[in-house]
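I opened a notebook page for this structure.

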Amino acid sequence: MSWVVLIEEIRGSGDRQRWGLVPPSFDGRRDTEFATGEEARAEALCLTSAHAPGHPWSERDRQAYRISPDEYLVNVDGATSDFHFRLTVAERIVPG
């Protein structure tokens with residue numbers, strides 16, 4: 001079993017916008033699976049400022065909130081609108 005950081009955000013554009021998971025290869029610089037929950041929690045905290053969501057394309061500001069030790073909500077202010085994304089630390093229980 002391993003630990004992962006799930007990122008949920010708005011995907012698509014126009015009438016095709018939907019809420020969904022960003023693919024596991026969200027960041028080529030980092031592993032997408034972690035041996036411990038603590039490693040995954042540290043990565044989730046880092047991603048509150050490092051993750052570049054698909055929307056908005058022109059970020060002006062962001063606010064991050066810790067909901068629980070395993071969950072963050074990040075609001076990103078753009079030039080004309082704002083969006084949010086959620087980071088959740090989860091233990092993978094079924095091999096992928």
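The entries below record what I looked up, topic by topic.

**Ground rules.** I am working with a predicted model, in which local features need pLDDT of at least 70, side-chain atom pairs count only at pLDDT 80 or more, and totals for chains, interfaces and linings use all residues. Residues are numbered from 1 along each chain as its sequence is written, and side-chain values use heavy atoms, with hydrogens and water left out.

**Entry 1, salt bridges.** I looked for salt bridges, meaning a side-chain nitrogen of Lys or Arg within 4 Å of a carboxyl oxygen of Asp or Glu. The structure has 6 of them.

I began with Arg86 and Glu8, whose closest N and O atoms are 3.4 Å apart.

I then noted Glu71 with Arg86, where the closest N and O atoms are 3.3 Å apart. Glu71 is in strand β5 (residues 71-78) and Arg86 in strand β6, 15 residues apart, and the pair links distant parts of the chain. I wrote down that Glu8, Glu71 and Arg86 are linked in a network of salt bridges.

Next came Arg92 and Glu33, again a salt bridge, with the closest N and O atoms 3.3 Å apart. Arg92 lies in strand β6 and Glu33 in strand β3 (residues 33-34), so the pair joins parts 59 residues apart in sequence.

I sorted residues by relative accessible area: buried is under 20%, exposed is over 50%, and partly exposed is in between (1.4 Å probe, protein chains only). Arg86 counts as partly exposed at 25%, and Glu8 as partly exposed at 23%. Arg92, at 30%, is partly exposed, and so is Glu33, at 40%.

I searched on a 1 Å grid over the protein atoms alone for cavities, sets of points where a 1.4 Å probe fits but cannot get out; lining residues have an atom within 4 Å of a point. The count is 1 cavity of 30 Å³ or more.

Which residues line the largest cavity? I listed Glu9, Ile10, Pro53, His55, Phe83, His84 and Phe85. β6 gives the most to this lining, with 3 residues, while β1 and β6 each supply at least two.

Notes. Helix = DSSP H or I, 4+ residues; strand = E, 2+ residues; numbered from the N terminus. 1 Å grid on protein atoms, 1.4 Å probe; cavity = no way out; pocket = protein on both sides within 12 Å on 5 of 7 lines; lining within 4 Å. Points joined across faces, edges and corners; volume = space filled by probe spheres on them.
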